[in-house]
Amino acid sequence: MKRIIYITSVIAGILILAYSCKDDFLDLQPLGSLSEDVLTSQDGVESLLISAYAALDTWSGWAVGAPWESANSNWVMGDVYSDDAYKGTDVNDQPPINPMERYEHQSDNPYVWSKWAAGFDAVSRTNDLLRVLSKSDEVSGELATEISAEGRFLRGHFHFELKKIYDNIPYVDENAESFYISNTTDAWPMIEADLEFAVSNLPDDPRNGQAGRATKFVAAATLAKVHLYQSDYAAAKPLLDMVINSGKFALTPNYHDNFRISGDNNSESIFAYQASVNGASFATGNFGDILNFTHTGGPGGCCGFHQPSQNLVNAHKTTEDGFPMFDTFNDEDLKNDQGILSTDPFEPTTAPLD
């Protein structure tokens, strides 16, 4: 009897040892997680694409910082960081912007790292889409090509936003297997490749007639802008001509229509983020720009940020022929009514302006 028990124990031990030599049991899907295999249906792929579009807001939760630190408009990284605007409000309101305005910021400034984190979170969403799309049996042919083109347009756009701000960035595609990707390779060629694919494969009109989806002309305008940032005017001009000659865009009769709700997605709008202000959360309504108001009483209940500078006003001067005065526009301040009471007489300048 003891011998039988001993033999049985030996056999059990061998089986356990043999099983333990394999590590398959370690590959378990975490409970509550969403598997990519579940998303390979057409509905799943389309949902991933919408998620990538949602990242145009450049904020995906408090894990990537406060929404105003990575605002879609780049009003801090662009206007305040340059000479177009002042931070505004008072010195103790959003103090991390103060050193940025003076070019004294460090890498731990929340406005620096939040924009980086939000930007690469957006890139990650496009790569999730493209990776799952390549596995899908339900999405193929022309539809797969168009979805891929939308995804690659967005990926090019997100990398472009990061490139404009940080310059030396890693370019991350759907085949990346590591978080450690070198930023020593220039990202411009990869950004251009994504946008060129989009120009070649996107339709002339938004898919399903849905405003806010990328089209051939949206991609062409973005690619032209990429070339302009590199001073490659010869490459940009035919793309801009394509957009202009498409007949799909035109200046509105009233400039202010561009800033009214009734003017959303008008003929002057080439590509516009579509905010769902009636959604489940107020955070879907372009939350990143909640502080971007030059007067008190904005949606955030404050604050007087983003005040235009005299330099910006002066930059609107032109020559008699209507050309910008690149070198001399700031020699003398343009006449303005700052400090003049509304009851006092004031005659606006008669100098030629843009």
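Accessible areas here come from the Shrake-Rupley method with a 1.4 Å probe. The structure on screen is a predicted model.

**Whole chain**

Start with the protein chain as a whole and show its surface. The accessible surface comes to about 21,200 Å², and carbon and sulfur atoms account for 55% of that area. Of the 354 residues in the chain, 35% are buried.

Switch to a cartoon view. The chain holds 10 helices and two strands. Followed along the sequence, these elements run in the order α-α-α-β-α-α-α-α-α-α-β-α. Contacts can also be sorted by separation along the chain: among those between residues at least 6 apart in sequence, 59% join residues at least 24 apart.

**The loop between α2 and α3**

Select Ser70 next. Ser70 sits in the loop that links α2 and α3. Is Ser70 buried or exposed? Ser70 has a relative accessible area of 1%, so it counts as buried, the cut-off for buried being under 20%.

Now display the residues around Ser70. Leaving out residues up to four places away in sequence, Ser70 touches Asp57, Thr58, Trp59, Ser114, Lys115 and Ala118. For one of these, Asp57, draw a distance line between the C-alpha atoms: Asp57 and Ser70 are 8.7 Å apart in space and 13 residues apart in sequence.

Stay in this loop and move to Asn74. Asn74 lies between α2 (42–54) and α3 (75–80). Its relative accessibility is 12%, and therefore Asn74 counts as buried. Check the backbone as well. Most residues other than glycine have a negative phi. Asn74, which is not a glycine, has a positive phi of about 60°.

**The loop between β1 and α4**

Go on to Gln94, in the loop between β1 (85–88) and α4 (97–101). What is the phi of Gln94? The value is near 50°, which is positive in a residue other than glycine. Gln94 is buried, with a relative accessible area of 18%.

Finish with Asp327, which is found in the segment after α10 (310–314). Asp327 has a relative accessible area of 74%, so it counts as exposed; the cut-off for exposed is over 50%.

Key
Residues are numbered from 1 along each chain as its sequence is written. This is a predicted model: local features need pLDDT of at least 70, side-chain atom pairs count only at pLDDT 80 or more; totals for chains, interfaces and linings use all residues. Side-chain values use heavy atoms; hydrogens and water are left out. Helices (H or I, at least four residues) and strands (E, at least two) are DSSP runs, numbered from the N terminus. Buried means under 20% relative accessible area, exposed over 50%, partly exposed in between (1.4 Å probe, protein chains only). Contact means heavy atoms within 4.5 Å.
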